[in-house]
Amino acid sequence: MASPWSTKDIPSQENKIALITGANSGIGFEAAKALAEKGALVVLACRNEEKAKAAIAAIKSEIPSAKLEFLSLDLASQASVKIAAKEFLTNHNTLDLLINNAGVMWLPKSETMDGHDMQFGTNHLGHFTLTGLLLDTVVNTPNSRIVTVSSMAHYSGRIHFDDIKMDGRYGKHKAYAQAKLANLMFAYELDRKLSAAGIDTRSIAVHPGMSSTNLGKPGFEKGASLITLAAKLFFPIATQSARNGALPTLYGATANAAAGGDYIGPSWIFEIAGPPKKVGSSRYSKRQDIATQLWQLSEKLTGTQVAHNFCG
Ligand SMILES: NC(=O)c1ccc[n+]([C@@H]2O[C@H](COP(=O)([O-])OP(=O)(O)OC[C@H]3O[C@@H](n4cnc5c(N)ncnc54)[C@H](OP(=O)(O)O)[C@@H]3O)[C@@H](O)[C@H]2O)c1
């Protein structure tokens with residue numbers, strides 16, 4: 001029997017450039033380390049320079065040959081996303097791997113700099129604009145991929161078009177589910193658009209199961225709801241390491257078998273942990289009418305037109 005896919009199976013990434021959002025912590029950090037170890041130049045796109053520099057030092061201490069750059073990026077500010085994209089494009093002509101990884105979870109009601117819901121604005125709208133601004137460069141890079149990190153939380157998600165900020169009835173779990181569903185539907189829709197235009201860039205969605213990272217810690221500390229209490233109890237015993245949680249991302253980013261439009265997650269029971277494989281997603285996540293509506297809404301909210309150059 002073939003051994004399960006692991007970082008040993010990542011092919012050489014020499015001469016490739018990878019940009020990973022939120023690469024100073026958790027899954028993004030582990031993905032950055034693994035890709036740097038295989039020779040990629042990894043751009044750590046992070047909101048906190050001090051944390052990013054500490055992450056770079058930590059990777060360098062293990063892999064002295066690692067090629068790493070810091071890019072300042074706050075996904076909760078559309079202005080910051082635009083500056084970051086411009087800076088990246090000033091320094092680089094190609095982008096092999098765009099990894100839309102950063103995220104926040106279960107925050108109390110709060111807003112981004114642009115007045116969007118913090119979870120939807122950071123997790124989805126920030127990445128929507130970043131991808132849009134880098135897309136020409138990505139599609140002009142042979143064999144490029146865009147990997148977007150979603151979550152099993154998408155199963156309970158709906159896109160609340162009538163109240164996207166949930167001003168009427170905010171729920172931090174509901175808002176996270178909406179944001180991660182948006183990540184997944186964006187990845188699927190982008191793949192449909194790329195395929196229809198005959199472009200070989202792959203848009204792949206992934207999820208890390210349940211991984212021990214810093215995600216949700218502020219919410220855990222403050223929350224007293226049943227879901228939060230269950231998570232507090234369950235997370236320490238049920239989660240896999242951040243290193244293993246990064247495997248679906250790395251598989252989506254590098255494995256030949258990962259195709260555009262795939263959704264990759266852990267393979268063991270309930271997709272909580274284990275080596276990566278292609279997984280399913282909710283029926284709602286595959287609805288093209290909702291995906292089109294979400295795309296149009298995202299363009300309207302961000303003022304960024306994505307994929308119009310080649311998809312009309
Ligand atoms: N861990 C899990 O079990 C799990 C399950 C399902 C999905 N996910 C998804 O996996 C992804 C990675 O999360 P993780 O588990 O590795 O959590 P993590 O350790 O908390 O890492 C999240 C990263 O996102 C960054 N970030 C947050 N807000 C940002 C912003 N406004 N601008 C730029 N960067 C920002 C964080 O930066 P700071 O360090 O500055 O806060 C951090 O680097 C997320 O998309 C999450 O939704 C995780």
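Of the 32 residues around the ligand in this predicted model, G22, G26, G103, T213 and L215 come nearest, a residue being counted as near a molecule or strand if its C-beta atom, placed from the backbone, lies within 6 Å of it. The shell around the ligand divides into 12 nonpolar, 16 polar and four charged residues, where Ala, Val, Leu, Ile, Met, Phe, Trp, Tyr, Cys and Pro count as nonpolar, Asp, Glu, Lys and Arg as charged, and the others, Gly among them, as polar. Helix α1 (residues 26–37) gives the most to this shell, with three residues; helices (H or I, at least four residues) and strands (E, at least two) are DSSP runs, numbered from the N terminus.

Residues are numbered from 1 along each chain as its sequence is written. Because the model is predicted, local features need pLDDT of at least 70 and side-chain atom pairs count only at pLDDT 80 or more, whereas totals for chains, interfaces and linings use all residues. The mean pLDDT (the predictor's confidence in each residue, from 0 to 100) of the protein chain is 94, and 92% of its residues reach 70 or more.

The protein chain holds 11 helices and eight strands. Its radius of gyration, taken over C-alpha atoms, is 18 Å, close to the 20 Å that the globule rule (2.2 Å times the number of residues to the power 0.38) gives for 312 residues, so the chain is as compact as a globular protein of that length. Contacts are pairs of residues whose C-beta atoms, placed from the backbone, lie within 7 Å; of those with a separation of 6 or more, 74% join residues 24 or more positions apart.

Buried residues make up 49% of the 312 residues, a residue being buried if 20 or more other C-beta atoms lie within 10 Å of its own, exposed if 12 or fewer, and partly exposed in between. Not counting residues up to four places away in sequence, A18 touches L35, A40, V42, V43, D96, L97 and I99.

K33 lies in helix α1 and counts as buried because it has 21 C-beta neighbours inside 10 Å.

Methods:
Contact = placed C-beta atoms within 7 Å.
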